[in-house]
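Subject: Structure for your review

Dear colleague,

My notes follow it, and I would be grateful if you would read them alongside the coordinates.

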Amino acid sequence: MKSKLFIILLLTVGLVFSVVGAASASGTLVFGSSGDVSGLDPADVTDGESIQRMDNIFEGLVEFESGSTLIKPCLATSWETSADGTEIVFHLREGVKFHDGTDFNADAVVFSFARQYDTTHPYNQYGEWPYWGYMFYDVDRMEKIDDFTVKLVLKRPNASIMTSLAMFTVCIVSPTNAEKYKEDAFKNPCGTGPFKFVEWVKDDHITLEANENYWRERASLDKLIFKVISDPSARLMALEVGEVQGIEYPNPADLDRIKANKDLKLLTEPGMNVGYMAMNEGYGYIDENKNGVRDLDSEPLVKTPGYFEPLTKKEVRQAINLAIDKQSIVDNLYMGTAIKAKNGMPPFMLGYNDAIEDYPYDPARAKELLAKAGYPDGFEVTLYVMPVSRPYMFDPPKIGEAIQSYLAAVGITVKFYQVDWGTYLQETMEGNHQMCLLGWTGDNGDPDNFMNVLYGANACSIGTAGNYAFYTNNTNQELLSAALATYDEEKRAAYYKKAQEMIHEDAGWVYLAHSNQNMVFKSNVNGFVINPTSRYFFYPVVIE
Amino acid sequence: MKWYITKRLFMLIPVLLGVSILAFSLIRLAPGDPAVTIAGQHASPQVISAIREKYGLNKPLTTQYWIWLKQVLHGDLGRSIVSNEFVAKEILERFPNTIELTMLSMFFAIIAGCIAGIISASRQYSIFDYSIMGLALFGVSLPVFWLGIMLMMIFGVWLRWLPISGRISMMISFQRITGFYLLDSLITGNLAAFISSLRYLILPSIALSTIPMATIARVTRSSMLEVLRQDFIRTERAKGLSERMVIYKHAVRNAMIPVITVIGLNFGLLLAGAILTETVFSWPGIGRYVVNGVTMRDYPVVQGCVLFFASMFVIVNLITDIVYVYIDPRIHYG
């Protein structure tokens with residue numbers, strides 16, 4: 001009896017420990033991601049995880065060129081803009097079907113848009129539509145002209161709208177599916193994309209499979225599974241042993257180990273972000289009529305609470321730019337996972353001015369400028385240090401300390417100020433700071449989403465500021481507004497380049513870094529291209 | 001006995017009421033706003049206030065509490081702010097995962113802990129005794145997340161014996177019925193799924209079992225030592241019973257009462273300890289659910305889970321008290 005039991009036990013143990021099921025079925029890609037999704041309605045989410053799943057299920061009228069934020073046709077084959085720039089007519093692709101068999105047409109497009117802006121729409125109640133008010137405020141309505149033509153009507157010309165149309169928010173959803181599931185449609189996504197939704201086991205995985213009736217060639221992958229592995233060390237180990245074939249967000253400390261492993265490949269691209277230190281130039285305005293635009297007659301400049309005499313002088317701000325060794329900060333504190341920044345937007349964007357020469361690390365010249373400005377012995381200044389780490393600012397306290405020691409070398413004493421993150425954002429928006437560490441991650445990939453939001457004079461409104469240096473130059477704002485109103489890309493780019501020159505000369509910001517996006521795949525996984533907007537498109541991926 | 005159980009169940013009410021007030025106020029004391037979390041940092045104030053209104057977050061705190069309490073009394077834990085799903089449903093969906101993990105851990109802990117404690121006590125001051133007690137001390141002090149990573153490193157990456165994270169292999173198609181994977185795979189006769197889910201269970205269960213295992217070993221040892229010094233043991237030995245019989249037949253049974261108390265208490269602690277283990281091993285249980293709820297400031301989720309954990313804890317303690325009667329017939333409840 002006992003020996004029988006022992007044999008059974010031995011057999012069970014043997015079975016359990018035998019290496020089965022570890023090898024992946026070819027055509028199935030399991031991707032280890034850091035978190036689960038919050039929902040699967042493209043218009044009703046803001047978190048990266050949800051967006052990255054839906055990028056493979058849904059499509060919009062336009063889409064990004066591989067690895068960039070330039071747009072190309074997708075469900076719309078072509079479009080024309082009216083002379084005044086307020087109407088865009090889209091011609092839709094014919095013969096496309098949703099995963100549930102519904103035909104893609106103008107009704108589906110109007111449905112996907114109208115449910116977000118029309119409060120009387122029967123499906124408006126099923127979502128918060130958080131991005132609509134923020135990115136599509138200039139859209140008045142979407143109209144059907146015929147079955148395969150729609151017209152987008154804008155309240156005023158907005159050149160960034162075409163980039164915004166490549167956002168997940170305005171992906172086209174199946175109206176039949178929405179009708180069938182109503183408030184539960186977010187659990188049963190149905191689009192026109194290369195992969196179909198199969199199942200979502202909460203906190204564990206989401207399974208998609210290839211759409212056999214895709215209007216382009218069928219995807220090479222048969223199955224695409226997003227598996228949640230929240231711990232970055234565990235994620236890398238799962239990749240090493242082959243439980244998953246790709247992962248996101250590896251620990252910077254593990255990068256050397258990844259590079260040394262021939263079985264893995266590391267993909268690195270600059271991210272759509274910028275980390276900086278802003279110096280309060282002293283003046284902002286109160287946005288009395290809350291329209292987000294400074295009315296020059298009725299909204300005069302007033303001192304910000306953080307007004308500090310030395311920082312109002314351009315020479316001082318330039319001196320601070322010269323006194324900080326940015327390359328060393330990037331190498332040692334970003335641990336090589338970022339590139340040094342010289343402008344306020346990422347280098348791959350339309351209108352990036354590469355001709356600008358960055359302030360070199362030159363403490364001697366910094367001292368000269370300080371003396372010229374009347375501060376040969378320096379001064380004491382307060383720096384707001386972020387309490388949280390962000391992709392654009394890995395370790396704010398250490399970066400703060402580095403800046404402190406660089407500025408001490410030219411005679412400037414830096415004191416730190418730290419509060420919780422919510423209060424931090426509130427206080428800096430009110431202009432309480434003298435200097436602060438902050439940054440930005442872009443939303444849609446359009447330069448306006450950096451330049452106007454962060455550096456425009458209109459963004460100097462005390463209490464809701466996005467321009468944390470309170471750089472109130474109106475000529476610069478005119479350039480940015482003109483850029484938003486023109487659809488000619490060359491002209492737009494020229495406006496932004498000029499604006500960056502002015503911002504560089506004024507030196508209100510010390511631009512530190514653009515941090516990279518890192519992803520790791522098994523070496524036999526090919527075709528994945530990192531998109532600057534951190535969206536994951538698995539359609540071109542092939543397992544060799 | 002019936003009267004005793006009814007009395008104990010009634011005592012649940014004030015306990016849970018207290019817990020509900022604590023759960024409700026603690027998460028609200030933490031900085032952060034669920035409306036902002038859902039809407040994203042760039043959202044317009046209108047969107048944020050609309051969300052606040054929809055979920056009643058703009059009402060006074062006492063009103064919010066009453067509304068929630070009334071819901072709970074109707075058996076409704078409310079809807080998650082983030083996912084818009086019913087919290088009770090979400091908890092029940094994840095509960096089998098946590099229970100399966102906890103049960104297996106407890107099984108490991110009881111078997112290994114009791115055996116180690118008994119042997120230690122019967123060979124007091126031997127090298128075996130010292131090393132077991134040293135190990136037990138080590139076990140209580142080990143941080144679970146570190147141990148988890150080490151287990152993955154050794155058994156997953158180096159030896160490649162066991163999988164690293166998740167609930168079951170992604171390559172196995174599998175039908176969920178009760179949510180208990182081992183049970184479901186047996187019901188459907190899916191041997192591959194049974195083995196796979198068992199393989200995925202082992203490392204997290206071991207990581208989770210170390211602390212209770214160590215506690216159980218120490219309590220068993222001291223309780224055994226006490227019993228072994230008593231008169232009836234001397235009588236047994238004098239009667240000429242073999243040492244084996246003395247220990248396993250007579251001493252162990254008498255030494256079990258404190259051990260059962262510890263097991264009961266630890267079962268509750270295990271449910272809570274599962275939070276860390278589930279995070280390290282990406283286990284889709286209630287622990288992960290509550291952690292996500294806290295980071296997203298999803299008030300109904302956190303409140304619901306805390307209430308649920310507290311009820312489980314109280315119920316497990318009650319069961320422990322009932323088990324005493326069967327172990328020691330001298331115990332009566334009036």
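How much of the chain is helix and how much is strand over residues 95–324 of chain B? Over that stretch, 80% is helix and 0% is strand, with the end C-alpha atoms 27 Å apart; helices (H or I, at least four residues) and strands (E, at least two) are DSSP runs numbered from the N terminus. An unreviewed UniProt entry annotates residues 95–324 of chain B as "domain: ABC transmembrane type-1"; UniProt positions are given in the numbering used here, feature names are shortened, and annotations may be inferred rather than shown by experiment.

Please note that this is a predicted model, in which local features need pLDDT of at least 70 and side-chain atom pairs count only at pLDDT 80 or more, while totals for chains, interfaces and linings use all residues. Residues are numbered from 1 along each chain as its sequence is written, and chains are lettered from A and ligands numbered from 1 in the order in which they are written.

In chain B, helix α9 (residues 191–228) contains B:Val219. B:Val219 counts as buried because it has 22 C-beta neighbours inside 10 Å; the cut-offs are 20 or more other C-beta atoms within 10 Å for buried, 12 or fewer for exposed, and partly exposed in between, with C-beta atoms placed from the backbone. Leaving aside residues up to four places away in sequence, B:Val219 touches B:Pro258, B:Val259 and B:Val262 (contact: C-beta atoms, placed from the backbone, within 7 Å). B:Pro258 is 39 residues from B:Val219 along the chain, and their C-alpha atoms are separated by 7.2 Å.

Chain A has 16 helices and 22 strands. Of its 544 residues, 48% are buried. Among contacts in chain A with a separation of 6 or more, 70% are between residues 24 or more positions apart.

Strand β13 (residues 273–279) of chain A is largely enclosed by the rest of the structure, because 7 of its 7 residues are buried. In a regular strand the side chains alternate between the two faces of the sheet. In β13(A), buried residues cover both faces: A:Asn273, A:Gly275, A:Met277 and A:Met279 on one side, and A:Val274, A:Tyr276 and A:Ala278 on the other.

β13(A) pairs in the antiparallel sense with strand β19 (residues 435–441) of chain A over 7 bridges (pairing requires at least two DSSP bridges between two strands). A:Cys436 in β19(A) is the bridge partner of A:Ala278. β13(A) also runs antiparallel to strand β20 (residues 509–522) of chain A, joined by 4 bridges, and A:Val510 in β20(A) is the bridge partner of A:Met277.

Yours sincerely

Technical notes
Contact = placed C-beta atoms within 7 Å.
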